[in-house]
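Good morning, everyone. I will take the sheet to begin with, then move on to the aromatic rings. Please have a look at the model.

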Amino acid sequence: MMSEGREQIDLAYRLLDLDLVDSDGIRCGKVDDLVIEGDPGGPAYVVAIRTGIGALPARFAPWLRAVGKRVFRGNTTDIPSGQVEDFDSAVHLNTTAEQLGIASGDRRLGRLFEGESG
Amino acid sequence: LSKFFSIALGILAAIGGFVDIGDLVFNTQAGAEFGFQLIWAVIVGVIGIVVFSEMCGRVAAVTGRPVMDVVRQRLGFGAGLLTLIGSVLLSVLTLGAEVGGLALVLELFFDAPYATLLVGAVFGIGLVSWFMPFDWIERVFGYAGLCLLVYLVSAIDLSPDWGNVADGFVPSVPGSSVALYAYFVVGLIGAALMPYEVYFFSSGGVEERWTPKDLTLNRVNSIVGFSLGGLLSISLMVVAGVVWHPLGVSPEMIGTVALGANVPLGELGLIFALIGIGFAVSGAAIDTAFSAAYNVAQFFGWEWGKYREKRIASRFNAAWLVSLAVAYVIVSTGVDPIQLTEYSVVFSAVILPLTYLPVLLVARDRTFMREYTNGRIANFFGWLYLAIIVVVAIAAVPLLIATNGGGG
């Protein structure tokens, strides 16, 4: 998924594992992986951010991946780079988590806490 | 003037909130076992928590990121996951010890079975955590925990041989019981540096939206508040050293810890001690419950925060409720809260490096910290303490086994 170049390593270092914050200012996941495209020898581009626990087993050491796939079963969502507004200590998106179909766990469970203040 | 009061109130809350059941147990038992000989280990632990809490607060203020967030990015996913599992398990164990300790204190006030009081303690902690605003929790439990100053008054009133107390500030080689001495060194340093403290502290900083403008406040709170909190720990040891050491009594009950203040100050001292212990362990119970929830939410990128509406941060709120329920189940099996405390402190010591290494790496990284990166002094103490906690982490479990859990 990721090329060997220094720039890509720097980019991964900065982006990987940052929080995703949607356009309502709500945390809605992590940068669990990056989708990078490019031709051999040419520049590489981050075309999407991959999020969701299904992306996590790829981060395990090879001998642990099979176990990881059993534990972290779930969907992944690729968020196109066009939906990234900005990034600093988090990646800010220009759309809501609901529109992207991510962080649905908080919305489902949130119905139980309807009307409760912070 | 209002800024001065704000700093003063923050320091008072930090002092009152410094002591938890781990400090109560290890400082009192170490004093009963070795007199004043281990005061130096308390000081090593207190300097460590000052160094790392200042760094965690600075990282939170400059980057807006709490410790577990930093752990996942700097250790990598695998080691980060290991840290998460360890820290959550230990937060829940510590939470069990704190609510069990609270039930034991309540047992001394009310004529009711321990099991009933335990349910009351868990419900009480749950209701306060649910309804009380974050800053109120910090202040109410911090200020009420100041009742523990009764140990400072007791220590002075008992007129110990101050020359012997001063000798305790310098490490000494024990004549016998070397393994037990080393076990208490590990326990005292581990109790002062419990990882949940910095997870909670840094998350609180992010919740309260600290910015670099708050760095002075953070530094003063860490250095003055925690140092004076450490004075309470030393007072506990001095009282135990005067009251229990000559009798050869090893306090195995919360009530015995409280009785230390009864000897010099009478019933009033005992009441202050019990109220202080009750609020100190309650405050720590809330901190550990939130710490477990902060860690899980921050690791997986869930919305989190006490200031957030509960329906928005629903998984975070469910996480601390589940932690409290699991802690109740653990302690309701009849396990002794004091023993649970010892295990949680010793096993917390094992994961200390995994918590503090990423904090140090980020705090000294100019990419993240810009002009607020560690200076020479912070780097020196950061690496020194990392070396110390690696030694502590390696020694913790073998010493636990060798001393039969501190039983000698």
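Start in chain A. There is an open sheet of 3 strands here, in the order 3-4-5, with antiparallel pairing. Strands are DSSP runs of E, at least two residues, and helices are runs of H or I, at least four residues, both numbered from the N terminus. Two strands pair if DSSP finds at least two bridges between them. In general, strands of a sheet pair through backbone hydrogen bonds, either parallel or antiparallel.

Which strands stand at the edges? Strand 3 (33–38) and strand 5 (77–80) of chain A do. Each has a single partner strand, so one side of each is left without a neighbour in the sheet. Strand 4 of chain A, residues 44–51, pairs with strand 5 of chain A over 4 bridges, in the antiparallel sense. Opposite Pro80(A) in strand 5 stands Ala48(A).

A word on the ground rules. This is a predicted model: local features need pLDDT of at least 70, side-chain atom pairs count only at pLDDT 80 or more, and totals for chains, interfaces and linings use all residues. Residues are numbered from 1 along each chain as its sequence is written, chains are lettered from A and ligands numbered from 1 in the order in which they are written, and side-chain values use heavy atoms, with hydrogens and water left out.

Now the rings. Rings of Phe, Tyr and Trp (its six-membered ring) pair if their centres lie within 6.5 Å; planes under 30 degrees apart are stacked, over 60 edge-to-face, the rest tilted. That gives 29 aromatic pairs over all chains. Take Phe134(B) and Phe200(B). Their centres are 5.7 Å apart and their planes at 25°, so the pair is stacked. Phe134(B) is in helix 7 (residues 134–145) of chain B, and Phe200(B) is in helix 11 (residues 195–207) of chain B, 66 residues apart.

Buried or exposed? Phe134(B) is buried, at 4% relative accessible area. Phe200(B) is buried too, at 13%. Buried means under 20%, exposed over 50%, partly exposed in between (1.4 Å probe, protein chains only).

Next, Phe201(B) and Phe226(B). This pair is tilted, with 6.0 Å centre to centre and 55° between the planes. Phe201(B) belongs to helix 11 of chain B, Phe226(B) to helix 12 (residues 215–243) of chain B.

Last, a cluster. One aromatic cluster includes Phe113(A), Trp130(B), Phe134(B) and Phe200(B). Lys310(B) lies over the face of Trp130(B), 4.6 Å from the ring centre. The rule there: NZ of Lys or CZ of Arg within 6 Å of the ring centre and within 35 degrees of the ring normal.
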